[in-house]
Amino acid sequence: MALHLYFDLTATLRLAEHAVAAHQHVPSFTEREDQSPCPGALEWVHDDGVYLMSNGLPRLQDPDRPGANLTVHAHGWNPRVDGHRADRDLGGDDFVEHLHLTEEPAPLIEDLRAAHAAGFRWLDLVVSAETFEVRVARTRRPN
């Protein structure tokens, strides 16, 4: 069965808007190796929990944690609130995956804006051992 990671859409959209408005971005590992330009992206991170952050520079700062990047944890995956969790579909290693926001033919930023305007509440990353899919949802599925 797939793992559903739910991120608050309003908070996620704030990160995404920062990333697309930024003139510089933190490249992914592959982009750095290929020396290819990095468009705006959400960084999906698995280390201290599971969270998203903007790859825009300068970084978007968390007003509640001076010197830290603003993050949006997946519902139930913030270790300071929810304790430590693990799931085999996330694997045992930490990672950063870029969710590019402006790639054609269907820019993710446009989908996020439209979903938010239509009343959707969640960005839903559907994760399996081999792949992941980005969706939006009005409600969360029970764990």
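## Terms and basis of the model

A residue counts as buried under 20% relative accessible area, as exposed over 50%, and as partly exposed in between (1.4 Å probe, protein chains only). The structure is a predicted model, in which local features need pLDDT of at least 70 and side-chain atom pairs count only at pLDDT 80 or more, while totals for chains, interfaces and linings use all residues. Residues are numbered from 1 along each chain as its sequence is written, and side-chain values use heavy atoms, with hydrogens and water left out.

## Fold and dimensions

The protein contains four helices and nine strands; these are DSSP runs numbered from the N terminus, with helices (H or I) of at least four residues and strands (E) of at least two. Their order along the sequence is β-α-β-α-β-β-β-β-α-β-α-β-β. The radius of gyration is 15 Å, close to the 15 Å that the globule rule gives for 143 residues, so the protein is as compact as a globular protein of that length. This radius is taken over C-alpha atoms, and the rule is 2.2 Å times the number of residues to the power 0.38.

The C-alpha trace spans about 40 × 35 × 35 Å along its principal axes. Of the 143 residues, 43% count as buried. Among contacts (heavy atoms within 4.5 Å) between residues at least 6 apart in sequence, 63% join residues at least 24 apart.

## Charged side chains

The protein carries 13 positive and 23 negative side chains, and the centres of the two sets lie 8 Å apart. Lys and Arg count as positive and Asp and Glu as negative, without His or the chain ends; each charge is placed at NZ of Lys, CZ of Arg, CG of Asp or CD of Glu.

## Salt bridges

A salt bridge requires a side-chain nitrogen of Lys or Arg within 4 Å of a carboxyl oxygen of Asp or Glu, and the count by this rule is six. One of them joins Glu43 and Arg59, with the closest N and O atoms 2.9 Å apart. This pair links distant parts of the chain, 16 residues apart: Glu43 belongs to strand S3 (residues 41-47), and Arg59 to the loop between strand S5 (56-57) and strand S6 (72-73). Glu43 is buried at 3% relative accessibility, whereas Arg59 is partly exposed at 22%.

Arg80 forms a salt bridge with Asp48, also with a closest N to O separation of 2.9 Å. Here Arg80 lies in helix H3 (residues 79-82) and Asp48 in the loop between S3 and strand S4 (49-54), 32 residues apart. Asp48 is partly exposed, with a relative accessible area of 39%. Asp62 and Arg65 form a further salt bridge (3.1 Å, N to O); Asp62 is buried at 11%, and Arg65 is partly exposed at 30%.
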